Amino acid sequence: MGLTKNDGTPGTLQRRLPAPPRAHRAAPWVIALGLVLTAFNLRPAISGLGPVLAEVRLDLGMDGTVAGLLTSVPPLCFAVFGVAAPRLSRRFGPVPVVLGGLLAIVLGLGLRALVGSTAPFLATTALALAGIAVGNVLMPVLVLRYFPDRVGSLTGLYSMAFALGAAGAAGLTIPLTRALGDSWRAGLAVWACTAVLALLPWLAVLRPARRRAAVADPPPGDSAPPRAAPVARAGAGQERPRSPRMARSRTAWALACFFGLQATAAYITLGWAPQIFRDAGVPAGTAGVLLAVIMGIGAPLGFVLPRIATRLRHQGPLVLVLGGCGLAGYAGLWLAPAGGAWAWAVLLGVANCAFPVALTMIGMRARTGTGVARLSAFAQSTGYLICVPGPLLVGTLNDATGGWDAPLAFMAALLVAQCAVGWFAGRDRCVEDGD
């Protein structure tokens with residue numbers, strides 16, 4: 001099996017893939033810009049809604065049940081729509097599909113700001129979330145295709161953009177709403193405009209590809225590697241690796257469970273951390289800032305941690321460190337939620353950085369672009385399905401017990417399970433190995 005060093009540093013092995021077409025390699029900075037802008041726009045549809053949810057409910061007559069379900073709609077949509085991404089990528093290529101996903105985000109967020117009742121609001125939100133689901137799945141594929149020797153760096157770069165998009169939408173939606181005439185519609189519509197900007201780099205990438213296609217007439221789609229063996233040849237007659245069946249791979253299942261449990265922790269934190277702080281006596285404004293701190297920590301760490309992960313032969317120790325920070329944060333919320341609020345916010349922010357580590361492991365657990373696409377779709381779709389009941393169960397436990405002790409114990413148990421499956425997923429294995 002042909003191997004090459006990743007990021008030019010010793011100690012990490014990265015599978016050698018064919019170079020992307022020359023037309024695409026002409027401007028790698030354009031592709032990197034496209035990755036960053038796309039990642040930035042994969043979270044504002046979710047994090048930007050929370051700050052103005054009270055105004056949205058009042059204006060649209062949305063009842064509490066529907067508002068509560070909004071916390072579980074994103075992972076459900078990611079699971080349902082993410083399954084289609086690999087097939088679409090094989091048919092049309094990842095760049096056109098990501099472009100289509102961004103267009104769905106633009107239309108969904110733009111139309112959402114214009115609707116006048118609950119049902120269209122949910123439908124347009126689902127449209128935007130469908131576009132986000134496609135981007136979620138194909139981002140690791142694009143990184144592996146265009147930057148096979150820089151998986152850690154580019155994953156870190158777009159993970160940082162994820163965090164900036166989430167924190168920026170959470171922190172700026174209210175000021176934008178006030179600046180635009182106290183209109184929640186205008187405040188939410190701004191994020192459709194930022195998604196428009198993300199279209200531009202990918203349009204620039206497609207133009208040279210189309211010119212090349214007009215001359216060479218290659219087969220449609222650019223998600224799969226060329227027919228040449230995607231792993232460096234060990235000798236004449238070596239066969240191409242067989243396409244793995246994800247449902248039969250223990251590595252794929254471990255990654256799916258790890259992804260699902262870290263997403264559960266993230267959505268529980270996003271939905272309930274401010275309420276935990278407020279119930280402990282922290283002012284509402286400060287609770288919102290604490291949430292921004294939790295999400296914002298993912299920006300610098302999201303850039304660093306994937307580079308560390310790619311240098312490790314086993315990512316399990318990194319998973320345990322992040323899990324330990326989360327357990328310490330939960331313990332702090334149980335013992336002194338108000339007294340150490342800032343420290344607990346920092347610890348929970350560090351724990352939430354399991355997300356970029358999970359994305360990095362997806363890119364490292366398959367040898368081909370097609371394998372990464374299928375693994376990404378399986379891990380994320382299955383993982384987001386696992387995530388759906390978590391935020392609802394936390395709310396149910398809080399209602400049933402009248403406090404946060406039981407929900408925090410439940411969250412801690414999930415985090416222990418996350419560490420266990422993350423250790424297994426972090427082994428130096430590929431799904432093509434049949435393990």
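Predicted model: local features only at pLDDT ≥ 70, side-chain atom pairs only at ≥ 80, totals over all residues.

Q: What makes up the secondary structure of the protein chain?
A: The chain comes to 20 helices and two strands.

Q: How many of the residues count as buried, as a percentage?
A: Of the 435 residues in the protein chain, 54% count as buried. The accessible surface comes to about 17600 Å². Carbon and sulfur atoms hold 66% of that surface.

Q: What share of the contacts with a separation of 6 or more joins residues 24 or more positions apart?
A: That share is 81% in the protein chain.

Q: How many cavities of 30 Å³ or more are there, and what makes a space a cavity?
A: The count comes to eight. A space is called a cavity because a 1.4 Å probe fits there but cannot get out. The largest cavity has a volume of about 480 Å³. Its lining holds 23 residues, and the closest to its centre are Arg 43, Ala 166, Ala 266, Asn 352 and Phe 355.

Q: Which helices supply at least two residues each to the lining of the largest cavity?
A: They are H3 (44-47), H10 (151-179), H12 (250-279), H13 (284-296) and H17 (354-364). H12 gives the largest share, six residues.

Q: How do the residues of that lining divide into nonpolar, polar and charged?
A: The lining has 15 nonpolar residues, seven polar and one charged.

Q: Why is H17 called largely enclosed by the rest of the structure?
A: Because 11 of the 11 residues of H17 are buried, the helix is largely enclosed. Among them are Phe 355, Pro 356, Leu 359 and Met 364.

Q: Why is Thr 368 called buried?
A: Its relative accessible area is 10%. Buried means under 20%. Therefore Thr 368 is buried. This residue lies in the loop between H17 and helix H18 (369-387).

Q: What does the side chain of Thr 368 reach, and at what distance?
A: The side chain reaches the backbone nitrogen of Gly 371 at 2.9 Å.

Q: What makes Tyr 384 buried or exposed?
A: Tyr 384 has 2% relative accessibility, so it counts as buried. The cut-off is under 20%. Tyr 384 lies in helix H18.

Q: Which residues does Tyr 384 touch, not counting residues up to four places away in sequence?
A: They include Arg 43, Phe 78, Asn 136, Phe 259, Tyr 267 and Phe 355. Tyr 384 and Pro 74 are 310 residues apart in sequence, yet 8.6 Å apart in space, C-alpha to C-alpha.

Q: How do you know that Thr 269 is buried?
A: Its relative accessible area is 4%. That is set against a limit of under 20%, so Thr 269 is buried. Thr 269 is found in helix H12. Beyond residues up to four places away in sequence, Thr 269 touches Pro 274, Leu 291, Ile 294 and Asn 352.

Q: Why does Thr 177 count as buried?
A: Thr 177 is buried because its relative accessible area is 8%, against a cut-off of under 20%. Thr 177 is found in helix H10. Leaving aside neighbours within four places in sequence, its contacts are Val 52, Asp 182, Ser 183, Trp 184 and Gly 187.

Terms used: Residues numbered from 1 in each chain as written. Heavy atoms only, no water. 1 Å grid on protein atoms, 1.4 Å probe; cavity = no way out; pocket = protein on both sides within 12 Å on 5 of 7 lines; lining within 4 Å. Points joined across faces, edges and corners; volume = space filled by probe spheres on them. Helix = DSSP H or I, 4+ residues; strand = E, 2+ residues; numbered from the N terminus. Nonpolar A, V, L, I, M, F, W, Y, C, P; charged D, E, K, R; others polar. Buried < 20%, exposed > 50% of the residue type's maximum accessible area, 1.4 Å probe, protein only. Polar contact = N/O pair within 3.5 Å; in protein donor to acceptor, adjacent residues only side chain to side chain. Contact = heavy atoms within 4.5 Å. Areas by Shrake-Rupley, 256 points an atom, 1.4 Å probe, with all protein chains shown as cover.
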